[in-house]
Amino acid sequence: MVDKKYCMSSFLAFRYIEKDGMEFKEGLHHTLDMPYPEEKRVLVWTADDIANAYQKFFEEKQKDVKLGILLSGGMDSACLAAFLKPGTDAYTFRFLGGKYGQDDLKRAELYAKHNKLNLHYVDIDWNVVEKNLVPLMKMKGAPVHSIEPQIMEAALQAKKDGVEQIVAADGSDLVFGGMDKMLSRDWDFDDWKKFYTFVDPKKVLKEPVDIDYLYERYRLPNNKIDYLRFIDEVFAHESSGSYCNAVITAEMKYVPCFDPSAYVKMAEPLDLERIRRGESKYLVRDLFKKCYPKIPIPEKIPMPRPVDEYFKTWKGPTRPEFKENLDMSQFTGNQKWLIFCLERFLNMLDEE
């Protein structure tokens with residue numbers, strides 16, 4: 001069913017088209033993620049359990065598939081890197097000639113050296129974003145997340161090196177309790193809606209569609225919300241869909257990414273109090289200490305992308321679907337990306 005107004009509002013609010021079957025244009029179908037079957041996941045209680053599972057997964061996978069890993073300065077990809085064969089290709093993003101995210105870059109270099117991986121830099125600037133954006137949107141049938149152009153670039157580079165499948169740690173935050181801000185409290189309904197909505201469609205669109213239906217699905221008594229189920233059922237699919245689309249568009253031999261963290265499941269409920277005391281992903285922290293006993297645990301940061309730099313002089317959208325004379329100073333770089341990408345996608349549809 002074609003409902004352009006709904007699709008615009010859904011993308012701005014949730015970073016993806018939440019209702020399957022709703023499309024921007026006749027004949028277009030937006031793609032979703034490729035989740036691993038829940039019933040096949042391995043239960044883990046401790047860091048040793050995770051290590052044993054990862055070791056087994058990689059031993060089996062590397063018998064038949066040439067892997068390459070997206071290696072950041074975070075502890076998730078570092079833990080995966082510890083179980084790869086020496087000489088495995090690792091790909092680390094280098095933004096704006098290395099001027100952005102230098103600490104993250106240095107830690108990735110340290111992990112690669114420690115594990116004897118063959119490190120490659122993937123240089124990302126606005127030209128790379130422009131080059132990959134249209135193919136990504138055409139494949140997805142929708143606007144895309146700001147991480148997708150750079151993941152696609154890494155996949156293209158890896159493919160040239162003979163890599164057949166990309167290793168990524170996308171699912172670790174979801175599996176092990178890494179969303180410390182999301183898990184920071186038991187949320188009231190209205191507070192969660194305000195916190196989670198990426199861009200309020202009412203602020204930027206002339207004809208926004210009400211997106212409250214999705215939040216209502218998780219409403220609890222006393223103005224509370226089942227935010228844990230929301231994270232599992234909404235945020236999880238939005239996040240993994242970005243990785244899926246990037247490697248599919250790059251035409252990797254095997255898709256989606258290989259993510260061992262998606263193949264495991266914590267046997268016991270998250271210890272929310274422990275997370276709220278500052279120990280997000282406490283099992284991964286324990287695993288990192290085992291893998292890198294002499295290296296400090298890095299602070300959690302999202303995948304770097306210099307969106308603030310990219311959009312510091314952007315004046316805002318000009319298409320008729322958007323409100324006129326928007327004050328762009330009220331939006332973050334990540335919010336500006338969503339608005340920009342939506343406009344670019346609509347322009348692309350008009351050109352076809």
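Start by selecting Asp 186: with a relative accessible area of 47%, it is partly exposed (buried is under 20%, exposed over 50%, partly exposed in between, using a 1.4 Å probe and protein chains only). You're looking at a predicted model, where local features need pLDDT of at least 70, side-chain atom pairs count only at pLDDT 80 or more, and totals for chains, interfaces and linings use all residues. Residues are numbered from 1 along each chain as its sequence is written, and side-chain values use heavy atoms, leaving out hydrogens and water.

Asp 186 sits in the loop between α7 and α8, Arg 276 in helix α12, 90 residues apart. Helices here are DSSP runs of H or I, at least four residues, and strands are runs of E, at least two, numbered from the N terminus.

Next, pick Glu 130 and Arg 344, joined by a salt bridge at 3.0 Å, N to O. This pair ties helix α5 to helix α15, across 214 residues.

Stay on α5 and select residues 126-140. Look for a kink of about 35° at Leu 133, shortly before Pro 135; the bend is the angle between axes fitted to the seven residues ending there and the seven starting there. Leu 133 is also one of the buried residues of α5, which include Val 128 and Met 137.

Last stop: Gly 141 follows α5, with a positive phi near 70°.

Definitions and conventions
The expected span of a helix is 1.5 Å times one less than its number of residues. A salt bridge is a side-chain nitrogen of Lys or Arg within 4 Å of a carboxyl oxygen of Asp or Glu.
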